[in-house]
Amino acid sequence: MDRKRTFALRSTAEYKTLETEFAEMAAKGWLIDKINPFSCEYRKAKKRNLRFCVDLPPQISGLDYPHNETANDYRALCEDAGWAFVCASGQLQVFSAEDESIAPLHTDPELERRILTDIFVKRE
């Protein structure tokens, strides 16, 4: 078996828990491959210690999936910062990094909180 799927009903506000879930699965030899609102699909790989960043950038809407110019520009900025694009589902963007020294995508917690509050109010 080289694929595994997990099912879960999550609130938008719980998206950050995916970072821990993806890291734990990578350590067990399963890398996130696809994500949608109700499931995550993993592919078998060698065990790795990866950091994950799951983001809901406000400049990308759910209609920008998967590869429009706005989404591609955002991903290029993240890749320039050292994060590798993994997958996306609508506005949700998933990145990984092996290097512990790579800075988080968000460094201002107050700004991140305001952005996410706006997103959650619209989605929930």
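Predicted model: local features only at pLDDT ≥ 70, side-chain atom pairs only at ≥ 80, totals over all residues.

Q: OK, and how many aromatic pairs does the structure hold?
A: There are 4 of them. One is F22 with F52, an edge-to-face pair with 5.7 Å centre to centre and 70 degrees between the planes.

Q: What does the pair of F22 and F52 tie together?
A: F22 sits in helix α1 and F52 in strand β4, so their pairing ties together parts that are 30 residues apart in sequence.

Q: Are F22 and F52 buried or exposed?
A: Both F22 and F52 are buried.

Q: Why does F95 count as buried?
A: Because its relative accessibility is 0%, and buried means under 20%. Y74 has a relative accessible area of 9%, so Y74 is buried as well.

Q: Let's switch to the core. How many residues are in the largest nonpolar one?
A: It has 18 residues, and those with the most contacts inside it are F22, I32, I35 and V94. The elements giving two or more residues to this core are α1 (17-27), β2 (30-36), β3 (39-44), β4 (51-55) and β6 (92-97). There's also another core apart from it, with 9 residues, including C53, Y74, C78 and A97.

Q: New topic: what's the strand order in the open sheet of 3 strands?
A: The order is β4-β6-β5, and the pairing is antiparallel. That puts β4 and β5 (84-89) at the edges, where each pairs on one side only. From one strand to the next, the twist averages 20 degrees.

Q: Over how many bridges do β4 and β6 pair?
A: They pair over 5 bridges, in the antiparallel sense. F52 turns up again here, standing opposite S96 in β6.

Q: And where do the helices go?
A: Helix α1 lies across β4 and β6, running at about 150 degrees to β4. Helix α2 packs on the sheet and touches β4, β5 and β6, and its direction makes about 20 degrees with that of β6.

Q: Last one. What about L92, which strand is it found in?
A: L92 is in strand β6. Its relative accessibility is 12%, so L92 counts as buried.

Q: Which residues does L92 touch?
A: Not counting residues up to four places away in sequence, L92 touches Y15, L18, I35, V54, D55, L56 and C87.

Q: And how far apart are the C-alpha atoms of L92 and N36?
A: They're separated by 8.9 Å, while the two residues are 56 residues apart along the chain.

Notes. Residues numbered from 1 in each chain as written. Heavy atoms only, no water. Core = buried A, V, L, I, M, F, W, Y, C linked by side-chain atoms within 4.5 Å. Buried < 20%, exposed > 50% of the residue type's maximum accessible area, 1.4 Å probe, protein only. Helix = DSSP H or I, 4+ residues; strand = E, 2+ residues; numbered from the N terminus. Phe/Tyr/Trp six-rings, centres within 6.5 Å; stacked < 30°, edge-to-face > 60°. Contact = heavy atoms within 4.5 Å. Pairing = 2+ DSSP bridges. Axes fitted to C-alpha atoms, helices over the stretch in contact; angles between N-to-C directions.
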